[in-house]
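Please follow this walk through the model with the sequence and the coordinates side by side.

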Amino acid sequence: QVQLVESGGGLVQAGGSLRLSCAASGRTLSYYVMGWFRQAPGKAREFVAAISWSGGSPYYADSVKGRFTISSDNAKNMVFLQMNSLKSEDTAVYYCAARRTGTSFGNFWGQGTQVTVSS
């Protein structure tokens, strides 16, 4: 099992920045890929970004590419999502997620943190 706890959400004006954090614990995390998803009211949960604990290039949804950066601190088992140039359409509950290499996201989620961007 993997346990995930997000923090760092809040209210920010359009054009501003926020940094989300995810603390991960549990089994050998080096076998996992970490991701961020978001869900806006009335919409399906969507992929935002992902990064592997074992290295490799991170990847992003087109909607956030160039504005958001995912990173990890392997020593502290932390994953971060730096969000810049925020837009009102970025308003959502953001979830940290984990998947074992070779599987799909869906089994391990954090509780979510609200991000609200005011225009």
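By the distance rule applied here, the count of salt bridges comes to four. The structure is a predicted model, and the values that follow are computed from its atoms.

One of these pairs is formed by Arg-38 and Asp-90, whose closest N and O atoms are 2.9 Å apart. This pair links distant parts of the chain, since Arg-38 belongs to strand 4 (residues 32–39) while Asp-90 sits in the loop between strand 8 (78–83) and strand 9 (92–100), 52 residues apart. Arg-38 is buried, and Asp-90 is buried as well.

Asp-90 also forms a salt bridge with Arg-67, and here the closest N and O atoms are 2.7 Å apart. Because Arg-67 lies in the loop between strand 6 (59–60) and strand 7 (68–73), and Asp-90 in the loop between strand 8 and strand 9, the pair ties together parts that are 23 residues apart in sequence. Both Arg-67 and Asp-90 are buried. Through shared partners, salt bridges join Arg-38, Glu-46, Arg-67 and Asp-90 into one network.

Another salt bridge is found between Asp-62 and Lys-65, with the closest N and O atoms 3.0 Å apart. Asp-62 has a relative accessibility of 66% and therefore counts as exposed, whereas Arg-67 and Asp-90 are buried.

What does the side chain of Glu-6 reach, given that Glu-6 is buried yet has no salt bridge? The nearest side chain of opposite charge, that of Arg-45, is 7.4 Å away, and a salt bridge would require the nitrogen and the carboxyl oxygen to be within 4 Å. The side chain of Glu-6 instead reaches the backbone nitrogen of Gln-111 at 2.9 Å, and a polar atom of that side chain lies 2.9 Å from the backbone nitrogen of Gly-112. Glu-6 itself is part of strand 1 (residues 2–7). Leaving aside residues up to four places away in sequence, Glu-6 touches a set of residues that includes Ser-21, Cys-22, Trp-36, Tyr-94, Tyr-95 and Cys-96, together with Gly-110, Gln-111, Gly-112 and Thr-113.

Four strands form an open sheet in the order 1-3-8-7, and their pairing is antiparallel. Strand 1 and strand 7 stand at the edges with a single partner strand each, so one side of each is left without a neighbour in the sheet. On average, and with direction ignored, neighbouring strands of this sheet are turned by 20 degrees against each other. Within the sheet, strand 3 (residues 18–26) and strand 8 run antiparallel and are joined by six bridges. Ser-21, one of the residues touched by Glu-6, has Phe-80 in strand 8 as its bridge partner.

The last stop concerns the backbone in two loops. Most residues other than glycine have a negative phi. Asn-77, in the loop between strand 7 and strand 8, has a phi near 55 degrees, a positive value in a residue other than glycine. With a relative accessibility of 28%, Asn-77 counts as partly exposed. Ser-85 lies in the loop between strand 8 and strand 9, and its phi, near 50 degrees, is likewise a positive value in a residue other than glycine. At 42% relative accessibility, Ser-85 counts as partly exposed.

Key: Residues are numbered from 1 along each chain as its sequence is written. This is a predicted model: local features need pLDDT of at least 70, side-chain atom pairs count only at pLDDT 80 or more; totals for chains, interfaces and linings use all residues. Side-chain values use heavy atoms; hydrogens and water are left out. Buried means under 20% relative accessible area, exposed over 50%, partly exposed in between (1.4 Å probe, protein chains only). Lys and Arg count as positive and Asp and Glu as negative; His and the chain ends are not counted. A polar contact is a pair of N or O atoms within 3.5 Å; within protein, one must be able to donate a hydrogen and the other to accept it, and residues adjacent in sequence count only if both atoms are side-chain atoms. Contact means heavy atoms within 4.5 Å. Two strands pair if DSSP finds at least two bridges between them. Axes are lines fitted to C-alpha atoms, for helices over the stretch in contact, and angles run from 0 to 180 degrees between N-to-C directions.
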